[in-house]
2 protein chains.
Amino acid sequence: MFRFELICSDGKARRGRLITPHGIIDTPVFMPVGTQGTVKAMIHKLLEDINVQIILGNTYHLYLRPGPEVIKLAGGLHSFTGWHKPILTDSGGFQVFSLSKGRTKDNRSGVRVFEEGVEFKDHLSGSLHFFTPEKVIELQEILGSDFIMPLDECVEYPTTYAYAESALLRTLRWLDRSIKHKRREDQALFGIVQGSTFEDLRILSATATVERDLFGYAIGGLSVGEPKDIMYDITQVVCEYLPWNKPRYLMGVGMPEDIIECVARGIDMFDCVAPTRMARTGTLFTHSGKLNITNEAFKKDFSPIDEECSCYTCSNFTRAYLRHLYKSEEISAYILGTIHNLSFYQKLMQDIRIAIEEGRFESFRRSWMERYSSKLC
Amino acid sequence: MFRFELICSDGKARRGRLITPHGIIDTPVFMPVGTQGTVKAMIHKLLEDINVQIILGNTYHLYLRPGPEVIKLAGGLHSFTGWHKPILTDSGGFQVFSLSKGRTKDNRSGVRVFEEGVEFKDHLSGSLHFFTPEKVIELQEILGSDFIMPLDECVEYPTTYAYAESALLRTLRWLDRSIKHKRREDQALFGIVQGSTFEDLRILSATATVERDLFGYAIGGLSVGEPKDIMYDITQVVCEYLPWNKPRYLMGVGMPEDIIECVARGIDMFDCVAPTRMARTGTLFTHSGKLNITNEAFKKDFSPIDEECSCYTCSNFTRAYLRHLYKSEEISAYILGTIHNLSFYQKLMQDIRIAIEEGRFESFRRSWMERYSSKLC
């Protein structure tokens, strides 16, 4: 029912294919984030137009709204949302640890970690909830997503060695409980490697997680404020300890340059809110870097966002028109910006896959990085 | 270049076709409102998917933002917006008189009417502007819209006979100046019949406007707070004084029941913000009436908005999912709601056209009105 096929590789970069009950996914893949059962400012047919093969859902958000009861009655998340291609859901762990902070009156963290699970106050009503590894599996079994994640303890950056160690060990114990509790066979569970920025802890976590023999392996706790070279280094080290024949997912990453750098280190799957979130504030991607379309400079600029882009937005609309829509706070601005940013990411991933297939990933990476500036213009 | 073909009629209801430089429009037609050069919460390809043949633009809004200079540089509104089908623009008169109210510090109207034109403070910055009939023609010649409107003096409801009379006479004098000033031959000018709710003034206005021999005739100043039966009666009276072979446009109307009632009285063209604006607040149309999708009642309702609707939204999504999107304030809610409401209007107009063609408009009208409740459920 689930299979990962490695088609070819080029250095550490890999070109593969994920087979799931809801369809096939070409890797390396970027997965747009559909937090609440919809990719923001998009509708499914616009995602299909740009060949999106998988989207993410957030267990935490869907648990709060519309709640598991509604999704269960609907027959799962695919049926509820009308998105019939693959879905990956996270465990909610990241949101529990990030969104619940400071919900208490005395401004201390609203999160309390116990061996049994994690207590938190939600970011909507401030109500108290308790997630256990078992509950998170049950929630995702109701969701029926193709790829599911076990509850993990996410630590902030920077953190102490001792705390990072205790969190990764707890994450391992929670993983074992997750594996034991999982019932559905039409869902594939990933293990999550933690250990903050400490190489030996990352190796310990990777080794122990791989021992559990899961469908795939995720790297958590990166892109949380650490310098980029540390993120790249940790990704490289962890990949060395992951089995060659299993998919590798770098959670919450990233910007186009991060994706290229981490494909070079052996990552197959990415997700990030950047292209969709930035689209809603007018930051749009081009082959030479990001631009903020609301700038005065674009008022009379009748060229497309990116001359090399063939997306619906770039094929039909000018920077001047898009700037006008953004300045006028029209919803169409967010739709057209999101179409472009996601198309840009789709094209990047396609170019990466072709470069790997053709054994020229290193030269692609070099020339791409030379043209692209990570600064905003 | 412009032609109105009357294909057939059924009682006073008419089935026609408008031929313009940017395409053909089947009448009776409902024209979605694209105030700022975009239909709210839509992108052009979604409008094309539901066969929208013409959209409106608002001269007042486009004059303020992005301003005539930008649109002129772009080569007109079609080129600027990338919408290459027909466009109708209003004169800005209605917005000048409605949006500028109370902009002054002493809370008096920000609008001052002179014989030369109208002075107003805009609703964005409060700056002072002056529109003359000539300026409004020039602005629309820059826009390059297919159908253009002359500046008119819009009166509130209720108003006095004397004021309504003086406003309609000024509107006629402004119309003559507009006709004289118009240069472009690839645009068709309508005349606007005013006269508030006074039948004899409406007849006077209609007769005098028709004497100017314009491409088409619009009825302004209705649907501004007067009872529905008065709106229907005035529409009926005015239509009796309009030539049979010219298109008739009822400005700013209306709800589905208004459209049916006014087609029955001889109207060919309609525009209204209702379907798009209501979609953004969760009010969706069905064949039995309107519903507010955010109601608790729809939380576990896995049926489509309207069983009889075959739009993208109804074909793919349930009330429960849409309610979730609206409650979560997702942009996709507004997109999907707008697709549905506009599709509902498109289907209504198509059903009207077919009923007229088949000589059964009266029975269609009766059975439609029997099922449809104008109340919100």
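The paragraphs below take up the salt bridges and then the annotated active site.

The model is predicted. Side chains of opposite charge can pair when their charged atoms come close. Over all chains, a search of the whole structure finds 58 salt bridges. One of them joins B:Lys300 to A:Glu69, with the closest N and O atoms 2.8 Å apart. This pair crosses between chains: B:Lys300 sits in the loop between strand 16 (289-292) and helix 12 (312-316) of chain B, while A:Glu69 belongs to helix 3 (residues 68-74) of chain A. B:Lys300 has 38% relative accessibility and counts as partly exposed.

Within chain A, A:Glu115 and A:Arg170 form a salt bridge, at 3.1 Å from N to O. A:Glu115 lies in the loop between strand 7 (112-113) and strand 8 (118-121), and A:Arg170 in helix 7 (residues 161-181), so the pair ties together parts that are 55 residues apart in sequence. A:Glu115 is partly exposed, at 35% relative accessible area, whereas A:Arg170 is buried, at 14%.

In chain B, a salt bridge links B:Arg170 with B:Glu153, at 2.8 Å from N to O. B:Arg170 is in helix 7 (residues 161-181) of chain B and B:Glu153 in the loop between strand 10 (147-148) and that helix, so the pair connects parts 17 residues apart in sequence. B:Arg170 is buried with a relative accessible area of 14%, and B:Glu153 is buried at 1%. Elsewhere, salt bridges that share partners bring A:Arg3, A:Glu5, A:Arg15, A:Arg17, A:Asp26 and A:Glu357 into one network.

The second topic comes from a record. An unreviewed UniProt entry places the feature "active site" at A:Asp90 and A:Asp271. These positions are spread over 182 residues of sequence but cluster in space, with a largest C-alpha distance of 10.7 Å. Both A:Asp90 and A:Asp271 are in the lining of the second largest pocket.

A:Asp90 is found in the loop between strand 6 (87-89) and helix 5 (93-99) of chain A. With a relative accessible area of 9%, A:Asp90 is buried. Beyond its neighbours within four places in sequence, A:Asp90 is in contact with residues including A:Gly57, A:Thr59 and A:Gln140.

A:Asp271 is part of strand 14 (residues 269-271) of chain A. A:Asp271 also counts as buried, at 8% relative accessibility. Residues up to four places away in sequence aside, A:Asp271 touches several others, among them A:Phe30, A:Tyr249 and A:Gly252. The side chain of A:Asp271 reaches the backbone nitrogen of A:Gly252 at 2.8 Å.

Definitions and conventions: Residues are numbered from 1 along each chain as its sequence is written. Chains are lettered from A and ligands numbered from 1 in the order in which they are written. This is a predicted model: local features need pLDDT of at least 70, side-chain atom pairs count only at pLDDT 80 or more; totals for chains, interfaces and linings use all residues. Side-chain values use heavy atoms; hydrogens and water are left out. A salt bridge is a side-chain nitrogen of Lys or Arg within 4 Å of a carboxyl oxygen of Asp or Glu. Helices (H or I, at least four residues) and strands (E, at least two) are DSSP runs, numbered from the N terminus. Buried means under 20% relative accessible area, exposed over 50%, partly exposed in between (1.4 Å probe, protein chains only). UniProt positions are given in the numbering used here, feature names are shortened, and annotations may be inferred rather than shown by experiment. On a 1 Å grid over the protein atoms alone, a cavity is a set of points where a 1.4 Å probe fits but cannot get out, and a pocket is an open set with protein on both sides within 12 Å along at least five of seven lines; lining residues have an atom within 4 Å of a point. Contact means heavy atoms within 4.5 Å. A polar contact is a pair of N or O atoms within 3.5 Å; within protein, one must be able to donate a hydrogen and the other to accept it, and residues adjacent in sequence count only if both atoms are side-chain atoms.
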